[in-house]
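Please keep the sequence and the three-dimensional view at hand while reading.

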Amino acid sequence: MAGKSILQKLAILADAAKYDASCASSGTVRRDSTATKGIGSTEGMGICHSYAPDGRCISLLKILLTNFCVYDCRFCINRASSNVARARFDPQEAVRLTLDFYKRNYIEGLFLSSGIIRSEDYTMEQLVEVARLLREEHRFQGYIHLKTIAGADPALIALAGIYADRLSTNVELPTDSGLTRLAPDKDARQIEGSMGKVKADLVEAKDARKRFRHAPRFAPAGQSTQMIVGADAATDADIVGKASRLYDNFRLRRVYYSAFSPIPDASAVLPLKRPPLIREHRLYQSDWLMRFYGYKPTEVMQATEADGNLPLDIDPKLAWALKFRDSFPVDVNRATKEQLLRVPGLGVKAVHKILASRRHRTLRLDDVARLTQSITKVRPFICTVDWRPTLLTDRADLRTMLAPKTEQLELFAA
Ligand code: SF4
């Protein structure tokens, strides 16, 4: 490690951080202008995008404090047995880098994680020290997302929440058996213990601020977690069930899903290929159904196929509707908000617009078409004053008719 420049360390520690999706926007195409002598790269070191609590997209310096690690998680490039270049920032270096990037207007905040060095407490202390120096010594007002180290002293987690906007503890794998097999040094109870501690501190801080206006804030952007998809045999039904329990038990703002990426010199227990990226996308869609469309986890699970996985060719909302055709068609002029939210192709905004417009007039099919991206997807599931799908909803080939014709992700579909 001795003798590495800040830039060399940055190259190693930003690259090492890229596997963590818990801040994150993923799914973009990989482009790099190094060879073409053009400009820009989606893989450049250190900067990722995230969403602030007010919905703005912000740029974050995303680094590990160190990629040395005493744990040996099979899926991780930074595991103790991995033969990668190692580096370590001291807290002052991480602070200087953050401030330099910030002053140049490259970033609006910091996402900081770390391999485990010496002990969980020592590692957490180092992370907290970076946040403390930024906030207290440099009056840094930018966004800070700190990774909490499961098993660290609760007092350190409490301190982390005072300085950070968001905390996250990765559950890593959807099942306890997967965690035991692929991350033998990690303990599911310890991970959930840390998440429970953050939740308790969030609740306490919220209560205190109701009583005292100047009570300190605690992680105002809440807590999140990440699950790796496709590294073990867990099905989408397992993942949806786990995510739903985590939302309920720990008041999470987000569960991030990260498709497993094969790593160099991987353990033989890991799959050789990454799962299709569309699987990660379908899980995000199912997450939205639970958070914004009123679906219960069991209903999302009903959309899975015989192998317990969500279909890849159609989105989970359409998959559910095709399985429960007797819930359709719904009359857009009379249906409840909950019923309208079940219609494939109708997003939350379109449903609100339908509810607002139908107060003044009776809606026709053309009116609904103006509110949606594709009336073809909506038509079999609704009726209006001038449209009734008759046999369309029951057609055996409806799935083939509605499945997207190309491989392109339907990023903006409802
Ligand atoms: S704790 Fe596990 S996942 Fe985290 S850096 Fe170490 S080996 Fe990787």
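The model is predicted: local features need pLDDT of at least 70, side-chain atom pairs count only at pLDDT 80 or more, and totals for chains, interfaces and linings use all residues. Residues are numbered from 1 along each chain as its sequence is written, and side-chain values use heavy atoms, with hydrogens and water left out. Helices (H or I, at least four residues) and strands (E, at least two) are DSSP runs, numbered from the N terminus. Buried means under 20% relative accessible area, exposed means over 50%, and partly exposed lies in between (1.4 Å probe, protein chains only).

**Strands 2 and 3**

- Strand 2 covers residues 57–64, and seven of its eight residues are buried.
- Strand 2 runs parallel to strand 3 (residues 109–113), and five bridges join them; two strands pair if DSSP finds at least two bridges between them.
- Within this pairing, Leu 60 stands opposite Gly 109 of strand 3.
- Together with helix 2 (residues 91–103), strands 2 and 3 make a right-handed β-α-β unit. A crossover is right-handed if, with the strands pointing away from the viewer, the path from the first strand over the helix to the second runs clockwise.
- Leu 127 belongs to helix 3 (residues 120–137) and is buried, with a relative accessible area of 0%.
- The C-alpha atoms of Leu 127 and Ser 113 are separated by 7.4 Å, while the two residues are 14 residues apart along the chain.

- Strand 7 spans residues 254–259, and six of its six residues are buried.
- Arg 254, Tyr 256 and Ser 258 point one way from strand 7, whereas Val 255, Tyr 257 and Ala 259 point the other way.
- Six bridges connect strand 7 with strand 6, and the two run parallel.
- Tyr 256 in strand 7 is the bridge partner of Gln 226.
- A right-handed β-α-β unit is made by strand 6, helix 7 (residues 236–250) and strand 7.
- The charged end of Arg 254 sits over the ring of Tyr 256, 4.8 Å from its centre; this term requires NZ of Lys or CZ of Arg within 6 Å of the ring centre and within 35 degrees of the ring normal.

**Aromatic pairs**

- The structure holds eight aromatic pairs. Rings of Phe, Tyr and Trp (its six-membered ring) pair if their centres lie within 6.5 Å; planes under 30 degrees apart count as stacked, over 60 as edge-to-face and the rest as tilted.
- The ring centres of Trp 288 and Phe 292 are 4.7 Å apart and the planes are at 55°, so this pair is tilted.
- Both Trp 288 and Phe 292 lie in helix 8 (residues 277–292), four residues apart, about one turn of the helix.
- Trp 288 is partly exposed at 42% relative accessibility, and Phe 292 is partly exposed at 40%.
- The rings of Tyr 295 and Trp 320 have centres 5.7 Å apart and planes at 90°, so they form an edge-to-face pair.
- This pair links distant parts of the chain, 25 residues apart: Tyr 295 is in the loop between helix 8 and helix 9 (297–302), and Trp 320 is in helix 10 (residues 316–323).
- Tyr 295 is buried at 3% relative accessible area, and Trp 320 is buried at 8%.
- Ring pairs join Tyr 295, Trp 320, Phe 324, Phe 328 and Phe 381 into a cluster.
- The charged end of Arg 342 sits over the ring of Trp 320, 4.9 Å from its centre.

**Ligand surroundings**

- The ligand is surrounded by Cys 69, Tyr 71, Cys 73, Cys 76, Arg 79, Gly 115, Ile 116 and Lys 186; a residue is near a molecule if one of its heavy atoms lies within 4 Å of it.
- This shell has five nonpolar, one polar and two charged residues. Ala, Val, Leu, Ile, Met, Phe, Trp, Tyr, Cys and Pro count as nonpolar, Asp, Glu, Lys and Arg as charged, and the others, Gly among them, as polar.

**Backbone details**

- The peptide bond from Phe 328 to Pro 329 is cis, with omega near -5°, and Pro 329 is in the loop between helix 10 and strand 8 (330–331).
- Ala 219, a residue other than glycine, has a positive phi near 35°.
- Ala 219 lies in the loop between helix 6 (188–211) and strand 6 (223–229) and is buried, with a relative accessible area of 1%.
- Thr 390 also is not a glycine, and its phi is positive at about 40°.
- Thr 390 is in the loop between strand 9 (382–383) and helix 15 (398–402) and is exposed, with a relative accessible area of 61%.
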